[in-house]
There are 2 protein chains.
Amino acid sequence: MPTTLVGATVEGKPNFVTIAHVGIMDLGSVSLGMAKAHYTNVGIKESGTFSINLPSTDMVKETDYCGLVSGKRVDKAQLFHVFYGNLKTAPLVAECPISMECKLIKVVDFPKHDVFIGEIVTTYADDAVLTDGAVDYGKVRPLLFTMVDQSYWMLGKRFAKAWSIGKELKGNKSTEAVGK
Amino acid sequence: MPTTLVGATVEGKPNFVTIAHVGIMDLGSVSLGMAKAHYTNVGIKESGTFSINLPSTDMVKETDYCGLVSGKRVDKAQLFHVFYGNLKTAPLVAECPISMECKLIKVVDFPKHDVFIGEIVTTYADDAVLTDGAVDYGKVRPLLFTMVDQSYWMLGKRFAKAWSIGKELKGNKSTEAVGK
């Protein structure tokens, strides 16, 4: 999963927490699976807004640090240049190549987790990660995460086009016989 | 995002569709953001079960093909060796190194998408992708996906430990001054 820095205003101040248990709902909405103990959850519920920032691999120390210490005790906003967008209450990380500000639209309650579903209001992308005006993940270099071994990974190479490479199997009689 | 093959029994037969708009909710539950037009959605609602299978990069053609054609017309189960687990109605793909059978616990309704939230009942892993008894994503070689350029990517190298590498920033006065 992509590792993200989730931002919210908590008790009047910007705070960030590291979350990789994210999800895509539809083309404009995303989810965050956040343990209820997180300080940030309070701020998301209070303000009804949050940000999702995608750090690149060279931000691995700062990103991991935001998952090690609580905003109750440490001012993690000091690590970054923080800015605000249209929602005014969702702090964004200038150092992250991609940042999204989100409006909370639903909370799905799990025993030990709040799942926050947010609609993306604005996406900010660093010019340096664009190719022909579109985000290029080869330039973003997202920080990927696996839970089983608690590890960070790099993104590898782009090697095939979706809705395209599978066309080579079209017309194969064993797969297309049923509807005929 | 990781590309998955989602399996369900539809009209009494196993069917598979390619979905990368997935999510992790809590440690035992996952989500699928699936356009309402998909044939598979009917089967998930009817049976209350589905599977999530993680193809490796060498299954890119079969995986992409399952996103190109509809189960209404084509018997996609012919592409794979299909097996069933404890739930009996969630078809699993033997060729995928990791497969999970899931019980549907909630549907979140979006204008054009059903978001299916499922509890993972059983996970099946190919012995070949284990290291010391745990799943090793370096061996799984998951098929990653980006929507912006409709591309498949490889996983790169594992390069840092989570809840660990950030410790190097602990004790930094500028970040830890606030709570004191």
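These legends describe close-up views of a predicted model with chains A and B.

**View 1. The contact between chain A and chain B.**
Chain A contributes 73 residues to the contact, and chain B contributes 73 residues. Between them the two chains bury about 6700 Å², and 71% of this area is on carbon and sulfur atoms. On the side of chain A, the residues that lose the most area to chain B are A:Trp153, A:Phe159 and A:Trp163. Together these three account for 11% of what that side buries.

**View 2. Polar contacts and salt bridges between the chains.**
There are 26 residue pairs in polar contact between chain A and chain B, counting pairs with both residues at pLDDT 80 or more. The salt bridges between chain A and chain B number four. One of them joins A:Arg158 to B:Asp149, with the closest N and O atoms 2.5 Å apart. Strand β13 of chain A, residues 151–161, supplies eleven residues to the side of chain A that touches chain B, the largest share. By residue type, that side of chain A divides into 37 nonpolar, 19 polar and 17 charged residues.

**View 3. Strand β13 of chain A beside strand β13 of chain B.**
The two strands pair across the contact in the antiparallel sense, over seven bridges. In chain B, as in chain A, strand β13 covers residues 151–161. Within this pairing, A:Leu155 stands opposite B:Leu155.

**View 4. The hairpin of β12 and β13 in chain B.**
Strand β12 of chain B, residues 144–146, runs antiparallel to β13(B) and is joined to it by three bridges. B:Thr146 has B:Ser151 in β13(B) as its bridge partner. The two strands form a hairpin with four residues between them. In the turn, B:Gln150 has a positive phi of about 45°.

**View 5. An aromatic pair in chain A.**
Over all chains, the structure holds eight aromatic pairs. Among them is the pair of A:Phe83 and A:Tyr124, which is edge-to-face. Their rings lie 5.3 Å apart, centre to centre, with 90° between the planes. A:Phe83 is in strand β6 (residues 82–83) of chain A and A:Tyr124 is in strand β9 (residues 113–125) of chain A, so the pair ties together parts that are 41 residues apart in sequence.

**View 6. A salt bridge within chain A.**
The whole structure contains twelve salt bridges over all chains. One of them is formed by A:Asp109 and A:Lys36, whose closest N and O atoms are 2.7 Å apart. Because A:Asp109 lies in strand β8 (residues 98–109) of chain A and A:Lys36 in the loop between β4 (29–35) and α1 (39–47) of chain A, this pair ties together parts that are 73 residues apart in sequence. Side chains of opposite charge can pair when their charged atoms come close.

Definitions and conventions. Residues are numbered from 1 along each chain as its sequence is written. Chains are lettered from A and ligands numbered from 1 in the order in which they are written. This is a predicted model: local features need pLDDT of at least 70, side-chain atom pairs count only at pLDDT 80 or more; totals for chains, interfaces and linings use all residues. Side-chain values use heavy atoms; hydrogens and water are left out. Contact means heavy atoms within 4.5 Å. Buried area is the accessible area (1.4 Å probe) that two parts lose on being put together, summed over both. A salt bridge is a side-chain nitrogen of Lys or Arg within 4 Å of a carboxyl oxygen of Asp or Glu. A polar contact is a pair of N or O atoms within 3.5 Å; within protein, one must be able to donate a hydrogen and the other to accept it, and residues adjacent in sequence count only if both atoms are side-chain atoms. Ala, Val, Leu, Ile, Met, Phe, Trp, Tyr, Cys and Pro count as nonpolar, Asp, Glu, Lys and Arg as charged, and the others, Gly among them, as polar. Two strands pair if DSSP finds at least two bridges between them. Rings of Phe, Tyr and Trp (its six-membered ring) pair if their centres lie within 6.5 Å; planes under 30 degrees apart count as stacked, over 60 as edge-to-face and the rest as tilted.
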